[in-house]
Amino acid sequence: MLEIKNLSYQVPDESGKELGILSDVSLTVGDNKFVVITGPNGGGKTTLAKAIMGLVTPTSGQVLWNGTDMTDLSVTERARRGISYGFQQPPRFKGLRVRDLLEMASGREDLTHEEECQYLIRVGLCANDYIDREVDASLSGGEVKRIEIATILARQAGLMIFDEPEAGIDLWSFARLTETFQQLHEEKRATLLVISHQERIIDLADEIIMISGGSIVQHGPKEDVFPLILANTVSGCSYMNNGGGEQ
Amino acid sequence: MNKIDAHLLREIADMESTPQGAYNIRKNGKLDGRVNTAHIVIDTKTDKSGIDIHIAPHTRHESVHIPVIITETGLTEMVYNDFYIGEDCDVDIIAGCGIHNSGCDTSQHDGVHTFHIGKNSRVRYFEKHYGEGDGTGGRIMNPQTIAYLEAGAVIHMETTQIRGIDSTKRYTKIVVGAGGEGSITEKLLTHGEQTAESEMDIILAGEDASGRVISRSVARDKSRQVFYPRMTGEAKCFGHVQCDSIIMDDARIKSIPAIIANCPDAQLIHEAAIGRIAGEQILKLMTLGLTEQEAEERILNGFLQ
């Protein structure tokens, strides 16, 4: 079980005033749940996900995973205790091959070709074409992103966090990816926390968390929250919508 | 052969035992072992220190190992090795120098390797430099490699110097004939107070010649590195120079690639980059369970692979 208790992350703005990127966020995610975090850009979704992995140090609050307080543990320690994180914009590595990343992720140097194939097929890549390629600038953004997701699959952690897995991925590969998420959920071996704006991913979720302005504004079963999100969708600019643009 | 010799040979030439094919082992300035084959003949020079290696035309899938090891402190040598490779060959040449210096005097190996590569021959040339020993004496290597390629000839040169050499000044020159190809892959890691300088001239002399330089280096601690790769196009040709360096600690790196076109049909590209390991790269590997130090090592090993 993942528990977030009163998590805040504040940074000083230009005038030195504290700016709340996350303000007193608390939530609980049960084992093997599929939870989608959604909400407007700049609302604090990625900061929350990074704080769970330890990539961001919160100003206050706690992160507990399976009852253990992770708040003061390093990224490495959290990874070793079952938290994994797929970057929204994964870094590239000159000289590290897809095979190297999969081996590091799985913690095994004796991964069979069959196993490597399975991880790559699940993100729509053919192992024969990719396994010995370097994860460098020769790969497209979508390819790097899919390899990133494959590393999370190879990691087989109890908590899998994905930050906008759909970003940069073409429609055909995206369809394959949604099937993979569905399979992961059906296998019931991991808790999935997915930041996404895609209806097809949101539709797979057990629960939806909506974050805006650094706070959780909605959290509940998909059936309850999804209609609220759709109803609150406002197009355009609030200044214009309120007549601010009229002479 | 004692343990130190065996270790040095393993480091520089991947030699676990007596190599297959022709070889010439030089130890502390003297011949320590030589084998010729039907197609490869090695002769000791009579006018100066060094050897001539003659590879008969049409020699294919054979190799020559010519490692040099120095275990005596204070030994300084200058060696000339000349390779005469006939037409239509396909051979591997494994050179390299290992110094074990446990004394207080400087040990130094300076070598000039000159290749004359016949028409349509392919040569893969590996050169590895390695130093060790707990003495205070310096370990210095100044290698020069000069290669002349006839029409259609190809040389793929791979040089590696990972740790242990205090000072190196390297010069490489490849003159590529029509339809030929010269490529250099250079890997270098310096640490402590080491200095390394690498200067190259790749001259694409013949029509449709091509050249490629891939240089990857890591400078740690207070080490210094300087690169001067120059690619010159004298005819319709294609050349690419790529220099990538990772800089760490208080190291300094200077990279000055040059491309020179003396013909309007010469197509030459150079890329050079120096930078730290990106923080995101370390963090990504830490999310896979590696410690910060393990992540750094994996990134450096991959980069220099």
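Reply: Two strands count as paired if DSSP finds at least two bridges between them, and the strands (E, at least two residues) and helices (H or I, at least four residues) are DSSP runs numbered from the N terminus. This is a predicted model, in which local features need pLDDT of at least 70 and side-chain atom pairs count only at pLDDT 80 or more, while totals for chains, interfaces and linings use all residues. Residues are numbered from 1 along each chain as its sequence is written, and chains are lettered from A and ligands numbered from 1 in the order in which they are written.

Me: How many bridges join strand E4 of chain A to E5(A)?

Reply: Strand E4 covers residues 60–65 of chain A and runs antiparallel to E5(A). One bridge sets A:Trp65 against A:Thr68 in E5(A). The number of bridges that join E4(A) to E5(A) is two.

Me: In what order do the strands of the four-stranded open sheet of chain A stand?

Reply: The pairing in this sheet is antiparallel, and its edge strands are E2 (18–29) and E5 (68–69) of chain A, each of which pairs on one side only. Contact here requires that the C-beta atoms of two residues, placed from the backbone, lie within 7 Å. The order of the strands is E2-E1-E4-E5.

Me: Which strands stand at the edges of the six-stranded open sheet of chain A?

Reply: This sheet has mixed pairing and the order E6-E7-E8-E3-E9-E10. Each edge strand has a single partner strand, so one side of each is left without a neighbour in the sheet. The edge strands are E6 (83–86) and E10 (215–221) of chain A.

Me: Which residue stands opposite A:Gly86 in E7(A)?

Reply: Four bridges join E6(A) to strand E7 (residues 159–163) of chain A, and these strands run parallel. Helix H6 (residues 141–155) of chain A lies across both E6 and E7, at about 170° to E6(A). The residue opposite A:Gly86 is A:Phe162.

Me: Is A:Lys188 buried or exposed?

Reply: A:Lys188 is found in the loop between helix H7 (171–187) and strand E8 (191–195) of chain A, and its phi is near 55°, a positive value in a residue other than glycine. A residue is buried if 20 or more other C-beta atoms, placed from the backbone, lie within 10 Å of its own, exposed if 12 or fewer do, and partly exposed in between. Because A:Lys188 has 11 C-beta neighbours inside 10 Å, A:Lys188 counts as exposed.

Me: Which residue is the bridge partner of B:Lys27 in E2(B)?

Reply: Strands E1 (residues 22–27) and E2 (residues 30–35) of chain B pair in the antiparallel sense over five bridges. E1(B) and E2(B) form a hairpin with two residues between them, and B:Asn28 in the turn has a positive phi of about 45°. The bridge partner of B:Lys27 is B:Lys30.

Me: Which helix gives the most to the side of chain B that touches chain A?

Reply: The contact takes 19 residues from chain B and 21 residues from chain A. Helix H2 (279–286) and helix H3 (292–303) of chain B each supply at least two residues of the side of chain B that touches chain A. With six residues, the helix that gives the most is H2(B).

Technical notes: Axes fitted to C-alpha atoms, helices over the stretch in contact; angles between N-to-C directions.
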